[in-house]
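Here is a short report on a two-chain model. Please keep the structure open while reading.

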Amino acid sequence: MNNLNLSPVKKLEIIIEGAHQEFATDLLDRAGVTGYTIVGNLSGKGRHGFHEGHLMFNEDAVLIMIIVAIPGELVEPILEGFSPFFNKHTGVVFISDIQVSRLVKFKS
Amino acid sequence: MTLALGRQLQIRAMVHVAGEPIPFFWPMRTFIHHNPLYGLEHLPFSQAVREGERLFHARGYLPRSTYQQFLSSGKVEVARLSEEVERFVSARSAIADLDLHRLLMTLLTEVSEPFAPVLKLADGQDVHATLSRGALEPREFSVATIASFIKADLPSSCPVYTGVDALFGTEIGAILDELVIKSCLDFFDEGQSVWQMPGRENGLFAAWAALARRNLRLFIRGLHIKQILAVDDSPEGIISYVMSELEVPEADWMDYFTHELTRLHGWTGFIRWRAGAKHYYWSQTYPADLVDYLAIRLVLGLALLREHAHRTKTPASASSLMRFLEKSPEEAYLRVEFHRGRVLPVMAHAVEDAISSRGKTRLNRLMPEYLSRKREHEAQRWASGLRQLAERAGQAEKLLRLWPKAISELLALLSQFENEEGQLWLNAHEAQHMNGLLNGLNLGPTPAREKRPFAQMMFCIDVRSERIRRNLEKVGDYQTLGIAGFFGIPVSFIGVDKGSETYLCPVVVTPKNVVLELTLSRPAGEEDFISVLEEVFHELKASVLSPFMTVEAIGLLFGLDMFGKTFAPLAYNRWRQRLHPEKPGSRLLLDKLTREQADSIIRSLQRAMIVKAVGRELKIERERVTDEMIRELRETALGHREGPTEFGGHFKLDPQAEQQFTERLRQFYRVNRGYAQIQLERLGRIGFTLDEQVHFVSQALRSIGLTKGFSRFVLLTGHGSTSENNPYESALDCGACGGNHGIINARVLSQIANKPAVRERLRAKGIEIADDAWFIPAFHNTTTDELRAYDLDLLPPSHLVYVERLFNGLKAASRLCAAERLPTLEPTSSNAAPASAYRNAWRNAMDWSQVRPEWGLSRNAAFIIGRRWITEHLDLDARAFLHSYDYKCDAKGRLLENILAGPVVVGQWINMEHYFSAVDNVHYGSGSKVYHNVAGRFGIMTGNLSDLRTGLPAQTVLRDGLPYHEPLRLLVVIEAPLAHAKRAVEAVRAVKNLVYHGWVRMAIVDPETRDYYVFQQDNWQQQPMRLLDSSPHTTKEPIA
């Protein structure tokens, strides 16, 4: 482990309704994010009660999570960008410190 | 100037949110029924309707006079209406000794025009004085009061030019819309226009800005667009700049954007949809989004405002507009009165003179007189309205005894009542429909059959299926079942003659599996197969170029077509069918490819591309090249070998030319390792795994409760329509298949269900399909009522002896169905014999000039989830979506959840589209087809230039100017125990929201307890109902 060169980056976990996936990924793309992971059909409990994440014939209604690792300086612009959206829609963003071994993959 | 990244993103998000109230508009080729107020579904229905009035200036309920006709024709019962009025009155305090209930009932049933009392200048005191024939006491209006009138007329979130237009009679808004539409037509054109806008690949804003900077015409009109565009290159930067130049406070931006975007909501809806449609060829090639569009609107709007300001000294920003209003509110008041057409006719001249003289003294002199006469006018209007109403309601004396305060209260109450009146009528109309339907249901147990039915036929839930199902059941031993027309299997389809994917499933789903159609005519296979694949990979989307027939595109042949179709549709079409025999039979590729197969396909494709390259680049024919040379070139291009090739030597290419050719193969013809990997991934999308196949069949069968007792024939019937010269043809097709014909999904599921390996697995899951049961895809043509079976060449020989009986039955049902349907289209043919009705239906489908080939889904009103038995004895008049369901096959309720999340949601979109197109055809619908022109090959405009017309044309929902489609919210009936159904509704948030917010009405009928529950006034209320026993019925009762 010692010879691993780890760099600190930030991880955002954005949980929103599937209907808004295009909006969110477009915003991330425009922020210069190099990649992200999308997890669909989330289950869990929130202010609106329990969300069942099983497959359905309606992808707009399910919750998704977009996971993205970004350099620290992008956190603020991205949150600023999302703010008008979250003023109207439900959803959450978790921000955490993580480390990655190949920093070049997370910088545009 | 460059905006900081965060700010840029923030403006994007603001525009995105601001555009959300505007619904998507899909290209007409696949017409998607949608709720025009989809963006407001988070609000309760009545509130959303009011918001729709504000945003789209559209009515959300039928006018009172139409409801009064419903009342006299018995579609609405007085008793129901009276209950609604009682509920309204009981929630309010009494006004003196007036009989409010009677007064309001009189208003609803005897006064045809709304009264609309809005107390502005006149008050209760004035109305009281007028009623008692006294003079009005003199009164002065303060400057602040007048300013408050103006502020209510011109809210700060409205675009600045609407204020300028209202004050100065300019037409900036109309000019702006026209300029924007022209720009949109240029950019979004999909091959209709001869001239192509340059630079479209750079995106809407960039392409437009490049042209606008050099647009001499705009410059000559005095629009200095170049200066504005010089400030920033990005649309976000331009938006931010224009908004600050307009001096609109940032807190109002979002509302301001919404107002801008709703002005041409058809275009906005199209751009919203297109920006998110990543698979759409035109949006991939020529990207555009709302930020681009808004930036263009704002730039043009600012330039127009400045040009007017320069020429006529009108305000050019929100704050200068505000200063004008604050400085001279009286002038502003008179101007708005005059330019909005509200001025008192007797004083129109004087007002016009005063505002055009711009002299303060004249205005100041005129103002007190104007206010006093307007006040008198208002007082007289309300007084005479009240008097007439009270006289009709037999309360004239009571009215005269009222104090001024009580008159104010009464006017306020009437105003509130008229605001809520539409909802009251709707509730009463729905209550009657609901009662009729629920009372007719038969909740008894389905009687056991002695033998299995001759055939089982699954139909789409579409309301038109009800009619053909009923007639089939009448002619023979057919068991019919209802299921969403994509049969629960989302398919991305690539047809023989298509180069693009078509999604065959509800639009809320993205299919993961691709199904390829391969022709049987050339069994050598490979060439054809490759040509299909080649088109997919190289995205030669030829098919998207021919959406509608246009005169220019078809030329001479079209002239012939036009002649034949107008004068002799049926004979002509038979002749044309002989000219163009139907395309040869085909098979669907449904199974996943093995790795070896995929590799082999990619190799063949690469070889085909090399042959093409050799011919095109070096002019060397195929016969001069050997297979070995091609193999070597391929290996070289893929980097598996290096050095000169035999091919190069043979044709004497120098090393540099050979190197160049190899590069060309890699770059242009995409013979390279990276692309091969992408091809492999794409091939991986083709077909379904065995697990997926078993899952889809089992889910489909379980969801309709068919798990045993399979017949010899099981027909899966997709549906679609055929009509000529009808841009709305797709609106008549299957909504569950994304506005396409449903036959492909039927073919896919049949082919899967007939596979022995699938049946074996199904057996292990408890679904016992008899060995002799054969699934046959079929197609229900809703314009002609024809039922046609497909893939009959696959039928086992043992079944052939029964085929004749099957076809006879289908044909008989088709004829009966046509005979029943035709009188709704041609009132003169009410007694037509089935055979001749059937012929007439065919004729309609082929008649070029037919504006109403069929009524489509018009009059849809209910969605019933349950056994066919509960409705089998009823004539539902093609007004109900029927989804078969047996809760006993669905212990966890998951199947019900799926029915609610998919089919019910699609049904609600269809229902709301019809509802709003019927209540306000001008704003929510698309007006008469007669004036329609195809715009850019994706939409419809009225006349030469208009907003894109969304919604349904008058010919689909109105007859003789009155609603043929009775606008009712969809009544969803679930046949299941209360707890079971409630749990499923609660679990699907989208549907729960629709029910709780009144976008659909819902009833649960419990076959175990025989209780009925209806969701109203925020909870489930048990309803007393007449119970039917389960004795077999002989006659079908029509339901109102």
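The model is predicted.

**Chain A: fold**

The secondary structure of chain A consists of two helices and six strands. Read from the N terminus, the order of elements is β-α-β-β-β-β-α-β. Chain A has 108 residues, and 27% of them are buried.

Four strands of chain A build an open sheet in the order S2-S5-S1-S6, with antiparallel pairing. Strand S2 (37–39) and strand S6 (92–100) of chain A are at the edges; each has a single partner strand, so one side of each has no neighbour in the sheet. From one strand to the next, the twist averages 20°.

Strand S1 (residues 7–17) of chain A pairs with S6(A) in the antiparallel sense, over nine bridges. In that pairing, A:Lys11 has A:Ser96 of S6(A) as its bridge partner.

Both packing helices can be read against the sheet. Helix H1 (residues 21–30) of chain A packs on the sheet and touches S1, S2 and strand S5 (63–70) of chain A. The direction of H1(A) makes about 5° with that of S5(A). Helix H2 (residues 75–86) of chain A also packs on the sheet, touching S1, S5 and S6 of chain A. The direction of H2(A) makes about 165° with that of S6(A).

**The contact between the chains**

How many residues does each chain bring to the contact? Chain B gives 25 residues and chain A gives 24 residues. On chain B, helix H1 (5–19), helix H38 (894–919) and helix H41 (989–996) each supply at least two residues of the side that touches chain A. H1(B) gives the most, with nine residues. By class, this side of chain B has 14 nonpolar, seven polar and four charged residues.

**A residue in helix H38 of chain B**

B:Ile910 sits in helix H38 of chain B. Is B:Ile910 buried or exposed? B:Ile910 counts as buried because it has 25 C-beta neighbours inside 10 Å, and the cut-off for buried is 20 or more. Leaving out residues up to four places away in sequence, B:Ile910 touches B:His33, B:Gly735, B:Leu857 and B:Asn860. B:Ser858 is 52 residues away from B:Ile910 in sequence, with a C-alpha to C-alpha separation of 9.4 Å.

**A helix pair in chain B**

Helix H9 (residues 172–188) and helix H17 (residues 290–312) of chain B have axes that come within 10 Å and cross at roughly 140°. That angle makes H9(B) oblique to H17(B), because roughly antiparallel needs an angle over 145 degrees. The crossing of the two helices H9(B) and H17(B) is right-handed.

From H9(B), the contact uses B:Ile172, B:Ile175, B:Leu176, B:Leu179, B:Val180 and B:Ser183. From H17(B), it uses B:Ile296, B:Arg297, B:Leu300, B:Gly301, B:Leu304, B:Leu305 and B:His308. The residues of this contact of H9(B) with H17(B) divide into nine nonpolar, three polar and one charged.

**A hairpin in chain B**

Strand S13 (residues 932–935) and strand S14 (residues 939–942) of chain B pair in the antiparallel sense over four bridges. B:His932 stands opposite B:Thr942 in S14(B). The hairpin of S13(B) and S14(B) has three residues between the strands, and B:Gly936 there takes a positive phi near 55°.

Which residues other than glycine have a positive phi? A:Asn41 and B:Arg670 are two examples. The table sets them side by side.

| Residue | Phi | Location | C-beta atoms within 10 Å |
|---|---|---|---|
| A:Asn41 | about 50° | loop between S2 and strand S3 (44–46) of chain A | 16 other C-beta atoms |

A:Asn41 is partly exposed.

Methods. Residues are numbered from 1 along each chain as its sequence is written. Chains are lettered from A and ligands numbered from 1 in the order in which they are written. This is a predicted model: local features need pLDDT of at least 70, side-chain atom pairs count only at pLDDT 80 or more; totals for chains, interfaces and linings use all residues. Two residues are in contact if their C-beta atoms, placed from the backbone, lie within 7 Å. Ala, Val, Leu, Ile, Met, Phe, Trp, Tyr, Cys and Pro count as nonpolar, Asp, Glu, Lys and Arg as charged, and the others, Gly among them, as polar. Two strands pair if DSSP finds at least two bridges between them. Axes are lines fitted to C-alpha atoms, for helices over the stretch in contact, and angles run from 0 to 180 degrees between N-to-C directions. Angles under 35 degrees count as roughly parallel, over 145 as roughly antiparallel, 65 to 115 as roughly perpendicular and the rest as oblique. A crossing is left-handed if the near helix is turned anticlockwise from the far one by less than a right angle, and right-handed if clockwise. A residue is buried if 20 or more other C-beta atoms lie within 10 Å of its own, exposed if 12 or fewer, and partly exposed in between; C-beta atoms are placed from the backbone.
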